[in-house]
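Me: I've got a structure open and want to go through a few spots in it. Can you take some quick questions?

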Amino acid sequence: MTAEFPSKSSPFDDEQWNALLFLADALIPSLDASEKQELQAFAHESLVDGEWSDIEPFLDESARDCPEFTASIIKLVSGMQTPTQNRILFILNVLSGKKGRLMSKIFTGTTIPFVDLDRNERAEVLMGWGNAYTGFFKALLRSLSVVVAMAYMRSCPLAHRAMSYAGPKNVAAAESSHSKLPEHDFQFEAFDSSSTTGNDLTADVVVIGSGAGGGVAAARLAEAGLNVIVLEKGEYVSRKELPLDEMDAYRRLYEGSPLGILRTPDNNGTIFAASTWGGGTAVNWSASWQLPAKVRADLVREGMDFADGREFQDCMDSVCERVGVTTENTKHNTTNSLVKDAARRLGMGCVTVARNTGIHPHNCGICGLGCPSGEKQSSIVTWLTDAQKAGARCIQKCEVKELIFSGNQVSGVHCMVEGSLSLTIHAKKVVVCAGTLHSPNILARSGVRNPHLGKNLRLQPTVTCAAFFSNKRIDATSGPIITTCVTEVENLDGGLYGAKIMPSIAVPGFAYYTLPWRSPVAWRQSALRFNQTAIIAAVARDKDSVGSVSADSSSRPVVTYQLGQFDMQSLMEGMVTMCKVLLEAGAVELQPLNPDCFPAFRVVPGSSEAANKASWKEYEAALRKTGIGKRYVSAHPLGTCKMGSSPATSVVDLNGQVWGYEGLYVADGSLYPLAIGVNPMIPTMAIAEWVSRQVIAETKKAL
C-alpha cells in the first residue's frame with residue numbers, strides 16, 4: 001500500500017493500518033479497464049452531468065491513494081468512542097491475520113489473511129458479507145463501509161469533481177443574496193490564562209446553552225434587566241468562515257467530533273446534534289412548526305395543563321414572529337417540487353413547510369454546514385444578538401462541570417474554559433438549556449436526584465430512501481432543503497402517531513455514507529448519479545420506543561434506545577409511502593436505507609405501467625415481510641428532563657424549576673414529556689419563552 005504510516009498519535013499499529021488500506025482498496029479501488037468501460041457506457045446512457053475527463057480520474061483512484069482520505073480516516077477513527085474504536089481495531093486485527101487462521105476462516109471463508117488476497121478476492125469477501133444469511137456480517141459490512149465512505153466522500157476532490165459537486169463555498173456563492181445582511185460582532189469574555197487560582201464572575205442568571213432554548217432564555221432575561229451570562233461548550237464560527245467543508249463542519253459544529261455523529265452502544269442508532277454557538281438553530285434546515293392540537297391535548301394529559309392555553313399559544317406566536325416564520329417567498333427546489341406534485345397526483349396529504357427565513361427566500365441546500373447568509377433567522381441572528389445588545393455576557397468553549405448549591409438553593413456554576421481554565425460563576429438563578437442529551441447529565445453530575453432524570457428519551461426516529469432519476473438533474477444542494485411535507489401516514493392510530501415524509505440534505509458525505517455497498521462498480525455508479533439523486537426521510541413520532549441518556553467517564557452522552565413495535569410499523573408505512581411518492585415522481589431506482597442491505601427496486605425500461613405496478617407490489621410485500629430493522633437516524637431528541645405537575649412523575653414543575661431546588665430551571669426540548677411529531681425548534685423556543693416568563697415573574701416577586 002502506498003499511504004504513509006500515520007503518526008504515533010493515531011490509534012493504529014502497523015498491521016492495523018495496512019489492513020485498513022487493503023479494506024479501503026477493496027471497497028473503493030482503482031477500477032480496471034472493463035469496469036471503466038461499463039461505467040463509461042452507463043454515463044453515456046444515464047448521466048446529465050460530468051465530462052469523461054472529470055470522471056475517469058475518479059475511477060482510476062483508489063481510496064488508499066487519496067491523501068485527503070487517509071487524513072480523514074485517521075481523524076474519524078481517532079475520535080470514536082472507545083467501544084466503537086475497539087470493534088474496528090479488532091476487525092482490522094482479524095483482516096491482518098494477527099488473530100490467526102481460524103478467525104480468518106470465519107470472517108473471510110479462507111485461512112489466507114484478507115491482506116494477502118488480491119483486490120477481486122477481497123471484494124468477493126465483502127460482497128459475501130452483504131449477502132450473508134446472518135445479520136452479523138451484514139452489519140459488519142455496513143459499519144466498515146460507512147466509515148470508509150464517510151471519510152472518502154467528505155473530503156476527496158476527485159470524487160467531488162466527477163460528481164459535479166461544486167463544494168459548499170461555491171454552492172453558497174451561487175446565492176446572490178449571500179453576504180448582504182449585517183452580522184452582529186459578538187464579544188466573548190476573555191480570561192487570564194496564567195491564573196492559578198481560577199477566575200470568578202458574578203451574575204443574576206447563568207444560561208447554560210445557546211441553542212433554541214438558551215437563546216430565547218438569554219434574550220428575554222437580559223431584556224428584563226437581569227445580569228445574564230450565557231455559556232456554550234461549542235465555538236462561535238462567524239459567517240465569513242461559512243459554510244464549512246464537511247470534515248470541518250462535523251468537527252466544529254456537531255456533537256461527536258470529528259465524526260459529527262453519536263452512535264448508540266448497540267450501533268443501531270445514529271444521532272445528529274449540534275455543538276456550536278447557536279446550537280441546533282445554526283445547522284438545522286429551517287423547518288418551523290407550531291405544536292398541533294392533538295399534541296397539545298396529549299401534553300395536557302401528561303400534566304402540562306397550560307399547553308392548550310392562550311398564554312402558551314402566545315409564546316409560540318411570539319417566538320415565530322421574532323424568527324420570521326413564514327411560508328412566503330417559498331420556492332420549491334426540484335426534490336420538493338417532485339414530492340409535492342407526486343403526492344398531489346396520488347391524492348396524498350401534503351403541506352408547504354414554514355421556515356424561519358422572514359422576508360428572505362433562503363435558497364440554501366447546505367445549511368447543515370453552516371449558514372453564510374444570515375437569512376435563516378437562527379438564534380445567532382436573533383436571540384443571542386438581542387441578548388448581547390441587552391447586556392448579556394457570552395462565553396464560548398465553556399463546559400459546565402457542575403452546579404454549585406447552598407443547601408437546596410443553586411448558587412452558581414463551576415466550568416472549564418477551553419479545556420483547562422477553571423471558572424466559577426456565582427448566581428442565584430441557573431437556567432439549564434444544554435439540550436436533551438446534556439441537560440440531564442449536568443443535573444445528575446451536580447447531585448440532583450430524580451428517578452425520571454435522563455429517562456423518557458424521545459428521538460423521533462427516521463429512516464431514509466435514496467431515489468435515482470435517469471437523464472434528469474435533481475441538484476439537491478440547490479434551493480431550500482425542506483419546503484414540502486407529505487402527511488399521508490402521520491396519523492396511523494387516530495392520535496397523530498405515525499410518520500411525516502420530507503426531503504433531506506444531500507451533500508456527498510451525508511448522502512453517500514448511508515448507501516449500501518454492493519460492489520466497487522455499483523458504488524461508483526451511485527456516486528456518479530449524485531446530481532440525479534434525491535434523499536427522502538420518514539420521521540416518526542415515537543410512541544412505544546424506550547430510551548434514556550446517561551454519561552460516560554468523560555461526560556459524553558451515552559444514548560440507549562430500543563424501537564417499539566408501533567414505531568417500527570410507523571417507519572415501515574413511511575418507507576412504503578415515500579417509495580410510492582418517488583416512483584410517481586419518476587424515479588427509476590429506489591434504494592431503501594433500511595433494513596440493512598435490502599435490494600434496490602428498479603423500474604424496467606420499456607415496461608408497461610401495469611407490469612411496473614405488479615413488480616412494485618411484489619417488492620413491497622418483500623419489504624414488509626423483512627421489516628424495517630433496528631437501525632434509525634435521529635436529529636430531534638426530546639424528553640429527558642420531563643415537565644409535569646408532580647415530582648413523582650417529572651423532573652421539573654410547570655414553571656420549569658427543578659423539583660426540590662430553588663433557582664434552578666430547565667428551558668429546552670428535554671422538558672417535553674412525549675414526542676411532538678414535528679421539527680422541535682419552534683416548540684423548544686416556545687417552552688423556553690414560557691419558562692423565561694416564569695423566571696421573570698418570580699424575580700419581580702422577590703424584589
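Me: What is serine 570 in contact with, leaving aside its neighbours within four places in sequence?
Reply: This is a predicted model, and in it serine 570 contacts Leu492, Gly498, Ala499 and Ala540.

Me: Which helix is serine 570 in? And is it buried or exposed?
Reply: Serine 570 is part of helix H20. Its relative accessibility is 0%, so it counts as buried, the cut-off being under 20%.

Me: OK, pockets. How much space lies in the second largest pocket?
Reply: About 670 Å³.

Me: How many residues line the second largest pocket, and which lie nearest its centre?
Reply: The lining has 26 residues. Nearest the centre are Leu583, Ala587, Phe601, Val603 and Asn612.

Me: Which helices and strands each supply at least two residues of that lining?
Reply: Helix H2 (33-46), helix H20 (565-584), strand S21 (601-602) and helix H21 (609-626). H20 is also the helix that holds serine 570.

Me: Which gives the most to the lining?
Reply: H21 does, with 6 residues.

Me: How do the lining residues divide into nonpolar, polar and charged?
Reply: There are 11 nonpolar, 6 polar and 9 charged residues in the lining of the second largest pocket.

Me: Switching to the core. In the largest nonpolar core, which residues touch the most other members?
Reply: Tyr152, Leu231 and Leu443, in a core of 242 residues. Helix H8 (residues 135-155) provides the largest share of this core, 12 residues.

Me: Take leucine 231. Where is it, and is it buried or exposed?
Reply: Leucine 231 sits in strand S3 (residues 228-231). It counts as buried because its relative accessibility is 2%.

Me: What does leucine 231 touch, not counting residues up to four places away in sequence?
Reply: Its contacts include Val206, Val207, Ile208, Gly209 and Ser210. Ile395, Cys398, Val400, Val413, Cys415 and Ile425 are also among them.

Me: How many residues along the chain separate leucine 231 and cysteine 433?
Reply: They are 202 residues apart along the chain, with their C-alpha atoms separated by 9.6 Å.

Me: And leucine 443, what is that in contact with, leaving aside neighbours within four places?
Reply: Leucine 443 contacts Leu403, Val432, Val448, Leu453, Cys641, Val651, Val658, Leu664 and Val666.

Me: One more residue, valine 77. Where is it, and is it buried or exposed?
Reply: Valine 77 lies in helix H4 (residues 67-78). At 2% relative accessibility, it is counted as buried.

Me: What does valine 77 touch, not counting residues up to four places away in sequence?
Reply: Pro11, Phe12, Gln85 and Val147. Alanine 151 is 74 residues from valine 77 along the chain, and their C-alpha atoms are separated by 9.8 Å.

Me: Now the whole chain. How many helices and strands are there?
Reply: 22 helices and 23 strands. Of the 703 residues, 62% count as buried.

Me: Last one. Among contacts between residues at least 6 apart in sequence, what share joins residues at least 24 apart?
Reply: 74% of them.

Definitions and conventions. Residues numbered from 1 in each chain as written. Predicted model: local features only at pLDDT ≥ 70, side-chain atom pairs only at ≥ 80, totals over all residues. Heavy atoms only, no water. 1 Å grid on protein atoms, 1.4 Å probe; cavity = no way out; pocket = protein on both sides within 12 Å on 5 of 7 lines; lining within 4 Å. Points joined across faces, edges and corners; volume = space filled by probe spheres on them. Helix = DSSP H or I, 4+ residues; strand = E, 2+ residues; numbered from the N terminus. Nonpolar A, V, L, I, M, F, W, Y, C, P; charged D, E, K, R; others polar. Core = buried A, V, L, I, M, F, W, Y, C linked by side-chain atoms within 4.5 Å. Buried < 20%, exposed > 50% of the residue type's maximum accessible area, 1.4 Å probe, protein only. Contact = heavy atoms within 4.5 Å.
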